[in-house]
Amino acid sequence: AAVAGSVEAQSPSTSDVSVADIVTPEFFNGIIGQADASCVGKNFYSRATFLEALKSYDQFGKIGSIDDSKREIAAFFAHVTMRLFIPKIEDNMMFDCADFCYIEEIDGPSKDYCDETNTQYPCKSNKGYYGRGPIQLSWNFNYGPAGESIGFDGLNSPETVANDPIIAFKTALWYWMTHVRPVIGEGFGATIRAINGALECDGGNPATVQKRVEYFTEYCNQLGIAPGDNLTC
């Protein structure tokens, strides 16, 4: 199974930047501060738990030049903002914008995220593998290896992701380093494809793609860098 360490080994850092110096309290709280007071995630996610989780994935945000590192951080938080699924009506379109609002996918227990063909990470009875955490980890074939890498029983106790904010952030970083980091050099559009390409790319949902690009561009602006090329998919 792919684990974060194997990706890190293939992508050595040439940047000595401090992620904590880039993800300042102002930057992080500027995102989470947009969440409504009723959002359960507002008291669950924090910069401190993100930085604690980061200790297990210390190559995150350290790739190429300092600007490259900042672009990776901006991309991660752009997707986190989008993936936490709170319906928002804008120009008659529904977007899943969250600003750390939700911990679990809306109506997640009613959805089937069990791939019964995956025998390496078989589903357990009465367990739901719906979206949880900052990047909404889903499916048994992700919960299994994520748990192995991080150190929790992803198949028997997937709810751990929704109960422990450090593990929640670790699942997001695990997914990023395993599935997204390998394509980060291809531009932001490639990261969209790695996260939700089947539903959004190639004309699947251009409005949502554009919303992701807007968040990414905004965060790049905050960090004082250009967003680069190949922004869409």
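Q: How many helices and strands are there in the chain?
A: In this predicted model, the chain has 10 helices and 2 strands.

Q: And what pattern does the chain follow along the sequence?
A: Reading along the sequence gives α-α-α-α-α-β-β-α-α-α-α-α.

Q: What share of the residues is buried?
A: Of the 233 residues in the chain, 52% are buried. As for the contacts with a separation of 6 or more, 67% of them are between residues 24 or more positions apart.

Q: Switching to Asn 118, where is its place?
A: Asn 118 sits in the loop between strand E2 (93-96) and helix H6 (140-150).

Q: Is Asn 118 buried or exposed, and why?
A: Asn 118 counts as buried because its relative accessible area is 18%, and buried means under 20%.

Q: What is Asn 118 in contact with, leaving aside its neighbours within four places in sequence?
A: With those neighbours set aside, Asn 118 is in contact with Asn 140 and Phe 141.

Q: Now H6, how many of its residues are buried, and which?
A: H6 is mostly covered, with 8 of its 11 residues buried, and among the buried ones are Asn 140, Tyr 143, Pro 145 and Ile 150.

Q: What do the buried residues of H6 pack against?
A: They pack against helix H7 (160-163) and against H8. Just after H6, Gly 151 takes a positive phi of about 110°.

Q: What about H8, what should its 16 residues span?
A: Helix H8 covers residues 165-180, and at 1.5 Å a residue it should span 22 Å. The C-alpha atoms at its ends are 21 Å apart, which agrees with that expectation. H8 is also mostly covered, since 14 of its 16 residues are buried.

Q: Which residue caps the N-terminal end of H8?
A: That is Asp 164, which has a side-chain oxygen 2.9 Å from the backbone nitrogen of Ile 166.

Q: Last topic, how do the axes of H9 and H10 cross?
A: The axes of helix H9 (residues 188-200) and helix H10 (residues 206-223) come within 11 Å and cross at roughly 150°. Angles over 145 degrees count as roughly antiparallel, so H9 and H10 are roughly antiparallel to each other. H9 passes H10 in a right-handed crossing.

Q: Which residues make the contact?
A: On the H9 side they are Phe 188, Ile 192, Asn 196 and Glu 200, while H10 contributes Pro 206, Thr 208, Val 209, Arg 212, Val 213 and Phe 216.

Conventions: Residues are numbered from 1 along each chain as its sequence is written. This is a predicted model: local features need pLDDT of at least 70, side-chain atom pairs count only at pLDDT 80 or more; totals for chains, interfaces and linings use all residues. Side-chain values use heavy atoms; hydrogens and water are left out. Helices (H or I, at least four residues) and strands (E, at least two) are DSSP runs, numbered from the N terminus. The expected span of a helix is 1.5 Å times one less than its number of residues. Buried means under 20% relative accessible area, exposed over 50%, partly exposed in between (1.4 Å probe, protein chains only). A polar contact is a pair of N or O atoms within 3.5 Å; within protein, one must be able to donate a hydrogen and the other to accept it, and residues adjacent in sequence count only if both atoms are side-chain atoms. Axes are lines fitted to C-alpha atoms, for helices over the stretch in contact, and angles run from 0 to 180 degrees between N-to-C directions. Angles under 35 degrees count as roughly parallel, over 145 as roughly antiparallel, 65 to 115 as roughly perpendicular and the rest as oblique. A crossing is left-handed if the near helix is turned anticlockwise from the far one by less than a right angle, and right-handed if clockwise. Contact means heavy atoms within 4.5 Å.
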